[in-house]
Number of protein chains: 2
Amino acid sequence: MKESELIISRIRKSIGVDTANLHEPLFDGNELYNLKECIDSSFVSSVGKFVDKFENKLTEFTGSKFVVAVVNGTSALHIALVYSGIEPNDEILIPTFSFVATANAVRYCNAIPHFVDIEERTLGLCPKRINDYLIEIGIIKNNVLVNKYTQRPIRAIIPMHCFGHPVDMEGIIDIAKRFNLIVIEDAAESLGSFIKGRHTGTFGNLGILSFNGNKIITTGGGGAILINNENDFKKIKHLTSTAKLYHKWEFSHDQVGYNYRMPNLNAALGCAQLDSLPRFLKQKRNLYNNYKESFSDLNFVSLFSEKENFQSNYWLNALILNPGFQHLKEDILAETNGIGIMTRPVWNLLHTLPMYKDFPKMNLDISQDLFERVINIPSSAGLIHGNN
Amino acid sequence: MKESELIISRIRKSIGVDTANLHEPLFDGNELYNLKECIDSSFVSSVGKFVDKFENKLTEFTGSKFVVAVVNGTSALHIALVYSGIEPNDEILIPTFSFVATANAVRYCNAIPHFVDIEERTLGLCPKRINDYLIEIGIIKNNVLVNKYTQRPIRAIIPMHCFGHPVDMEGIIDIAKRFNLIVIEDAAESLGSFIKGRHTGTFGNLGILSFNGNKIITTGGGGAILINNENDFKKIKHLTSTAKLYHKWEFSHDQVGYNYRMPNLNAALGCAQLDSLPRFLKQKRNLYNNYKESFSDLNFVSLFSEKENFQSNYWLNALILNPGFQHLKEDILAETNGIGIMTRPVWNLLHTLPMYKDFPKMNLDISQDLFERVINIPSSAGLIHGNN
């Protein structure tokens, strides 16, 4: 049997059906009920009880002290950078192994993405190698890390919890303290993922979530900012709400604000989805376990598994071709997609995209190697209900 | 009777009830049906048939050749400026008599809002006085209008159809031709407003609409870009969709894109709302007629009416205190809001806001004068159904 045929047979065995999308949302809770209530209330837009409710539920679930819901994960990241005081030409350390929004948000601030490498253990930023790299290229001047080669300040680092698998945040926080970096945690994919019981996105100065249609829960489009203290919360809420000053009828604003508030309609969907999240997490773990068992007898591929003390949401399961088998990637992608089993490779590495190819970067060999070996396979919570 | 009491009695006579919000949406069509269909399809996010349908319906209604739906009016304006090639330090002519988003979108591009004045006849930009002003301060160098005093290029003009009342676009287009300006038409408030039968937002190089909760139709949050040709349409669609290149499974992007796509869930609501728009327009015109009649006997105030050849959507009715009666404004606002009839003044003039006070401006006496005299009164389509 050809390797792609083996992959197809193992996926089918795990999901119990012949074809599958990569990731579909599941609406089997109070979604329609909430939407009806939202429409009946006539509050569908930036004001309404579902926005508050959704923010409160997220606070409760993640353990973040405060949450602001916004239109999408990209806008959450943008606001996190703006609010952190990122200035034009500041360098921001980001993984090249990420969705393009991570880099785009940096560019919206006219700041400079500086690409750093990941580790295979987590698929996220590698604290050890980044530490060594910063010692080599950086110098601390007046409490600010400066890139010796570009003379620009290196201001922040954005670890991204790839496919829901937690980054080594202890290591990242150590680096941030040593080099005086702001940490903005890109938890767009990791709602429901924890490190030693603490939710991803709550370790950094700010964290962000996404509720895009392909995420573990969806609000249509949506995102959120996870915030540690009330002062930041109030200011970020203000910044995302056109910086309007409270008055019963006057319209006045005190800074350049953004129209990034999540509409109540989308929050209504989000509230129902969030109620189902614990169940989705179970279903996704069951699916992962099925995959784990099915793929255990193949010698050319491994399934990515959470590390000790890390609890992944298994948002998107990842097969990793074993070293020496990367030549199989294109054939597996073509064959699976050809018969209706949607699979995908990792995003093209950000530092290779035309608009990002001339920005600073460290050696990115691990990202390059994993780019050639990772394949995501169908991971919808709705694919499986058993094994509870 | 005190003037504020007269105002209250005339409003109550016109709307037939004792209290009213300023503007509420009306969901008495297929809203819930569409939302259910959207949820059932599982496509709630950036892909789905309602987005295409909504764009097509908007194309049909406005007569614009192409339409791209986005997350809100602010993002539509931002994209229109980005796509038009606005560069940092370009000056952009905008009314000071507008919602803050008009200026904010300019600042997102690091461009310079240059505030210009309106005329009482339309509540929109005054072509004659702006023409004279540009002759005075501008000089054409290499086909580019340059501000003699700042040496910065004056690149574009953003007429805004205030409260739904059309600006004198013929006059604006004349100026744009004379001074080589890009015209971006801010039709956020004027869906359903026409000039000689042609829809507002279709006169400029690009136009934008808003479907915020307070607009004539709503998608929760939403906006659209009105586009004249297919090439621009394709490029703008690309720019608002993270600039992702089409591929069955690969993720690649060729420029810094934006995550501004309208989610399918919001478009589902929009499709139902758009079906009701012709009826809303009638109801709003009926309400305007009621107000017109009720206020006709008061000597200190006038109701704003559309000009010949201009067809207003009467999104937000505006009372204008007659010259000499501006001292009544605060009392009328306090008394009406105090008893549950929501009214509001115009936005604080943009050039008076702290973040915009140091930007260039022409003499803004008319804006200042009207700021002191305009009061918006309840204008929901749902307030009235009769007189068809």
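In α1(A), the residues A:Arg10, A:Lys13 and A:Ser14 meet A:Leu287, A:Asn290, A:Tyr291, A:Ser294 and A:Phe295 of α9(A), where a contact means C-beta atoms, placed from the backbone, within 7 Å. Sorted by type, the residues of this contact come out as three nonpolar, three polar and two charged; here Ala, Val, Leu, Ile, Met, Phe, Trp, Tyr, Cys and Pro count as nonpolar, Asp, Glu, Lys and Arg as charged, and the others, Gly among them, as polar. The model is a predicted one, so local features need pLDDT of at least 70 and side-chain atom pairs pLDDT 80 or more, while totals for chains, interfaces and linings use all residues. Residues are numbered from 1 along each chain as its sequence is written, and chains are lettered from A and ligands numbered from 1 in the order in which they are written.

As for geometry, helix α1 (residues 3-15) of chain A packs against α9(A) at about 140°, and the axes are 9 Å apart; axes are lines fitted to C-alpha atoms over the stretch in contact, with angles running from 0 to 180 degrees between N-to-C directions. That makes α1(A) and α9(A) oblique to each other, the label left over once angles under 35 degrees (roughly parallel), over 145 (roughly antiparallel) and 65 to 115 (roughly perpendicular) are taken out. The crossing of α1(A) and α9(A) is right-handed, i.e. the near helix is turned clockwise from the far one by less than a right angle.

Zooming out, chain A carries eleven helices and 16 strands, counted as DSSP runs (H or I, at least four residues, for helices; E, at least two, for strands) and numbered from the N terminus. Its C-alpha atoms fill a box of roughly 70 × 60 × 35 Å along the principal axes.

How values were computed
Two residues are in contact if their C-beta atoms, placed from the backbone, lie within 7 Å.
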